[in-house]
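Here is my note on the model, as numbered points. Please read it with the structure open beside you.

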Amino acid sequence: MPRPALVLRLALLTGLAACFAALALMPERALLIGLTLALLLAGCLWAWPEWWIPLTAVGLIGVAGALAMVWSQRRAPPATGMSPLGAGVGRAIFYGKGYCSSCHTLADHAGGLRGPPLGATQQQPPIGRRAVARAEQLSRARGRPLSPADYLVESLLEPGAFVVDGYRDEMPPAHLPPVRLQPDEIRALVAFLLEQGGDADPAAIELPAAAWPDAALAVDTPAGDLERGKRLYFDLAGPAACAACHPLPAPGRAPQSSALGPDLSRIGGVRGADFLRRSILEPSAQIAGGFDTVQLELLDGTVVVGLNRGGDPSEVRLVRHQDLAAAATGAAAPITGIPRSQIRSRSLQPLSAMPGNYAEILTEEEVRDLVAYLSSLK
Ligand code: HEC
Ligand code: HEC
């Protein structure tokens, strides 16, 4: 068989090189490029039969590369269904229906302190960059690769899987009631978090398919009477007197930092009826972060138990448990300062400063009314 003309041979080689370049630049066309490569390879083998070993090797590498790209695209979610909601929507969800800012600050915007600040702090980079380090740490610990996006998805859907040092496992899963964010909203939120100092690549956000169980999406409407619950909540002479320790700030006003209990003004957006019921009937079962009961043993042998109110380098401040009863009637809670030099040891007690006898003093109906009222605070 005669050798093909020089021009044809040059064209074959140029085509081969062009295919490799195209593969690198247009991975989404990998299938087409792979087929072209295979055809060109056949042409080259015909033009240089004696070079079949190197030619076959080069051609096979190209075709294998193309197949690998097609395979990895199959596994990734299709580009069209990806993220109709961008990071701008993520910001709106963060401050709005996600209730994230009720526990987290971001940059210098106001927010709660129950969860770690998500903006940059003196100790830590912003969450987009922090997620890279956390993903590396968890990949090593678990022996399987985890991307920064995977870490953030996990921290929203399964917050208890990794609990940040110094904090409590008390973040509500963002896809379950009452927060109940939808897959697109979770993607937008993760894109927004990645944007805080990291590389936001929305294409890298993969959600576990099994995360949205139907049962968890059922709406739980509490059965109680909201208005009766509200009266009970604010009646300081009544059996509940919740407002003594959980005063509700007027809409738009900052919660009172002197309040004895956590701010409940948006609690219904974050916690479902079961959690609220349990908070009333078994307050010590889960103690809200920042509202610990501490026990101090003093050098003279005295033991002081009280609600931790922080302190400074010279003293520890707390509201002693025997003073809580007075506070529960609406009187200002006396704060006791104990010099650190007098303290022998300090320990946390698994005991809530909230009255533990509501199960006895409230009727079942009153508890239901209170839960209905708390659920309405959003
Ligand atoms: C009731 C308070 C609360 C709410 C509401 C809340 N979080 Fe959290 N969040 C926490 C706490 C506490 C932690 C630390 C413990 C842990 O890792 O689970 C945390 C941890 C995180 C982390 C990991 C931070 C890190 O340093 O790795 C991210 C990210 C996060 N939250 C995002 C969100 C987003 C987004 C929302 C809104 C959908 C949200 N949180 C709602 C309390 C909350
Ligand atoms: C003597 C003060 C006091 C009274 C009265 C009181 N609480 Fe509390 N409450 C607390 C403290 C302190 C905490 C935080 C410790 C804990 O989680 O148990 C708390 C926690 C809670 C929480 C959990 C909040 C969260 O974000 O996790 C709920 C809900 C709650 N209280 C509801 C009520 C209701 C409803 C009443 C009235 C029936 C009430 N409390 C009466 C002091 C009080």
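**Notes on the predicted model**

1. The C-alpha centres of domain 2 and domain 4 lie 35 Å apart. The protein is divided into domain 1 (6-75), domain 2 (87-217), domain 3 (226-285 + 357-376) and domain 4 (293-349). These bounds come from an automatic or database domain assignment.

2. This is a predicted model: local features need pLDDT of at least 70, side-chain atom pairs count only at pLDDT 80 or more, and totals for chains, interfaces and linings use all residues. Residues are numbered from 1 along each chain as its sequence is written, while chains are lettered from A and ligands numbered from 1 in the order in which they are written.

3. Confidence comes next. The mean pLDDT of the protein is 86, and 91% of its residues reach 70 or more. Residues 75-83 fall below 50, and this stretch has 9 contacts in the model beyond near neighbours in sequence. Here pLDDT is the predictor's confidence in each residue, from 0 to 100. A contact needs the C-beta atoms of two residues, placed from the backbone, to lie within 7 Å. Where pLDDT is low, the predicted coordinates should not be read in detail.

4. Which residues come nearest to ligand 1? They are Cys-100, Cys-103, Gly-115, Tyr-167 and Met-171, out of 30 residues around ligand 1. A residue counts as near if its C-beta atom, placed from the backbone, lies within 6 Å. Helix H5 (127-142), helix H6 (148-157) and helix H7 (183-195) each give two or more residues to this shell. Helices (H or I, at least four residues) and strands (E, at least two) are DSSP runs, numbered from the N terminus. By class, the ligand 1 shell has 18 nonpolar, 6 polar and 6 charged residues. Ala, Val, Leu, Ile, Met, Phe, Trp, Tyr, Cys and Pro count as nonpolar, Asp, Glu, Lys and Arg as charged, and the others, Gly among them, as polar.

5. Ligand 2 has 29 residues around it, with Cys-242, Cys-245, Gly-261, Phe-291 and Ser-352 nearest. Its shell has 25 nonpolar and 4 polar residues, and no charged ones. Domain 3 and domain 4 each supply at least three residues. Helix H11 (273-281), helix H12 (321-327) and helix H14 (364-376) each supply at least two. The largest share, 3 residues, comes from H11.

6. Now the sheet. Five strands form an open sheet in the order S4-S3-S2-S1-S5, with antiparallel pairing. Strand S4 (336-339) and strand S5 (343-349) are at the edges with a single partner strand each, so one side of each has no neighbour in the sheet. The twist averages 45 degrees from one strand to the next, taken between lines fitted to C-alpha atoms in N-to-C directions, on a scale from 0 to 180 degrees.

7. S1 (residues 293-298) is joined to S5 by 6 bridges and to S2 (residues 303-311) by 5 bridges. Pairing requires at least two DSSP bridges between two strands. On the S5 side, Thr-293 partners Gln-349, and Glu-297 stands opposite Ser-345. On the S2 side, Gln-295 stands opposite Val-305. The hairpin of S1 and S2 has 4 residues between the strands, and Gly-301 takes a positive phi near 95 degrees there.

8. Two backbone details deserve a look. Pro-177 and Pro-178 are joined by a cis peptide bond, with omega about 0 degrees. Pro-178 sits in the loop between H6 and H7. Tyr-99 is not a glycine, yet has a positive phi of about 60 degrees. Tyr-99 lies in the loop between helix H4 (87-95) and H5.
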